[in-house]
Amino acid sequence: MRPVLPLAMGDLLLLRKQHPCGSDRWEVVRLGADIRIRCLGCGHLVLLPRSQLEKRVRKKLNSHLSEESENGGGGEPG
Ligand SMILES: [Zn+2]
């Protein structure tokens, strides 16, 4: 039994290998027996069996709502 990578729609993944466009970030856009991910750099879509994808993932990011794109935190009141 190997650890299963929990995946959900919209998850961001850092892959071991960088895409030719320069981005190594991918978003999960479809789940199933095969998983479809989209390159955040160029929008390229790739369909991979889960087992293949798990081998390629270097890190899973929380979601595109957290991690970076935070400049300080908190909004302005009112
Ligand atoms: Zn790309």
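The largest pocket is lined by L15, R16, K17, Q18, H19, P20, W26, I37, V46, L48 and R56. A pocket is an open set of points on a 1 Å grid over the protein atoms alone, where a 1.4 Å probe fits, with protein on both sides within 12 Å along at least five of seven lines; lining residues have an atom within 4 Å of a point. The model is predicted: local features need pLDDT of at least 70, side-chain atom pairs count only at pLDDT 80 or more, and totals for chains, interfaces and linings use all residues. Residues are numbered from 1 along each chain as its sequence is written, and side-chain values use heavy atoms, without hydrogens and water.

The lining of the largest pocket comprises 6 nonpolar, 2 polar and 3 charged residues.

C39 is buried, at 1% relative accessible area. C42 is partly exposed, at 43%. Buried means under 20%, exposed over 50% and partly exposed in between (1.4 Å probe, protein chains only).

D11 is buried as well, at 7% relative accessible area. Beyond its neighbours within four places in sequence, D11 contacts P6, W26, E27, V28, K60 and N62. Contact means heavy atoms within 4.5 Å.

Methods
Nonpolar A, V, L, I, M, F, W, Y, C, P; charged D, E, K, R; others polar.
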